[in-house]
Amino acid sequence: MNRREFGNLFGLGLLATSLPVAIAACNPTETTSEAPEPDDAPAATIDETPREDGFAALGTVTDLDSDGYLAKKGFIAGPVIVIRDPAAADSVIALNSMCTHQGCSVEWKDDAFACPCHGSKFNTDGSVATGPATDPLASYEAIIDGDLVLVKAT
C-alpha cells in the first residue's frame, strides 16, 4: 500500500467515525413540558405608563427592599436609581444614574452612589463626595404608592 492509498483510507475512516456525531447533532433535542419551578417564574411586568399626576412606576417596594436599590437605564424619564431615604424610611431618593464625569452608570454601594469607571462617589442627595466628577447627580421626585415605587416622569 502506498502513501496515497493509506491517506485515502485513513480519511474515509475518519469521515465514517464522525458521521454518527454529525447526525446526532442535527436531530432536535427532546424537551420536557414540566412546569417551571417557583424561582424560575418570570417577574411581574410593571406598567411604566405615566399616570395623570406625571408619576410612572419604576418597580416594587419588595424589590427595593430586597436589592437595596432600584435602577433602570431605559426608564421613561431617563436613567434612574432609587434608594430608601436613610433619614426617613418611608421615603425614597431618586437620582439620575449617569455619572456627571463621563456618563457611566453609578451603582449603590456602601451607602454611597459610586461610579465604577473613574471612582467618583456621590452622597445620597446627589452631591459629589469625591471626584473626578464635579457636578452633582440630578434628582427626580419619587414616592411610594402601595407596593410601587413611582418616579416623576414629566
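Predicted model: local features only at pLDDT ≥ 70, side-chain atom pairs only at ≥ 80, totals over all residues.
Local features were taken only at pLDDT of at least 70 and side-chain atom pairs only at pLDDT 80 or more, whereas totals for chains, interfaces and linings use all residues. Residues are numbered from 1 along each chain as its sequence is written, and side-chain values rest on heavy atoms, with hydrogens and water left out.

The protein comprises two helices and eleven strands, where helices (H or I, at least four residues) and strands (E, at least two) are DSSP runs numbered from the N terminus. The order of elements from the N terminus is α-β-α-β-β-β-β-β-β-β-β-β-β. Of the 154 residues in the protein, 28% are buried; buried denotes under 20% relative accessible area, exposed over 50%, and partly exposed the range in between (1.4 Å probe, protein chains only). Among contacts in the protein with a separation of 6 or more, 44% join residues 24 or more positions apart, a contact being heavy atoms within 4.5 Å.

Strands β3 and β4 are joined in the antiparallel sense over six bridges, and valine 80 has asparagine 96 as its bridge partner in β4. Strand β10 (residues 142–145) pairs with β11 in the antiparallel sense over four bridges, and alanine 142 is opposite valine 151 in β11. The hairpin of β10 and β11 has two residues between the strands, and glycine 146 in this hairpin adopts a positive phi near 70°.

In soluble globular proteins, nonpolar side chains tend to be buried together. A nonpolar core is defined as a set of buried Ala, Val, Leu, Ile, Met, Phe, Trp, Tyr and Cys residues joined through side-chain atoms within 4.5 Å. The largest such core has 15 residues, and Leu58, Val80, Val82, Ala94 and Val151 have the most contacts inside it. Two or more residues of this core come from each of β1 (55–60), α2, β3, β4 (88–96) and β11 (148–152). A second, separate core of 13 residues includes Leu95, Val106, Trp108 and Phe113. With residues up to four places away in sequence not counted, alanine 94 touches Val80, Ile81, Val82, Ala138, Ser139, Tyr140, Ala142 and Val151. Serine 97 is located in the loop between β4 and β5 and is buried, at 4% relative accessibility. Beyond its neighbours within four places in sequence, serine 97 contacts Pro79, Val80, Ile81, Cys104, Ser105 and Val106.

Two salt bridges are present in the structure, the criterion being a side-chain nitrogen of Lys or Arg within 4 Å of a carboxyl oxygen of Asp or Glu. Arginine 84 pairs with aspartate 65, with the closest N and O atoms 2.7 Å apart. This pair links distant parts of the chain, 19 residues apart: arginine 84 belongs to strand β3 (residues 80–85) and aspartate 65 to helix α2 (residues 61–67). Arginine 84 is partly exposed, with a relative accessible area of 26%, as is aspartate 65 at 46%. The other salt bridge joins the side chains of glutamate 107 and lysine 109 (3.2 Å, N to O). Glutamate 107 is partly exposed at 31% relative accessibility, and lysine 109 is partly exposed with a relative accessible area of 47%.

The largest pocket has a volume of about 180 Å³. On a 1 Å grid over the protein atoms alone, a pocket is an open set of points where a 1.4 Å probe fits, with protein on both sides within 12 Å along at least five of seven lines, and lining residues have an atom within 4 Å of a point. Grid points are joined across faces, edges and corners, and the volume is the space filled by probe spheres set on the points. The lining consists of Ile46, Glu48, Leu58, Gly59, Thr60, Asp63, Asp67, Tyr69, Leu70, Ala71 and Lys72. Elements giving two or more residues to this lining are β1, α2 and β2 (70–72).

Conventions
Pairing = 2+ DSSP bridges.
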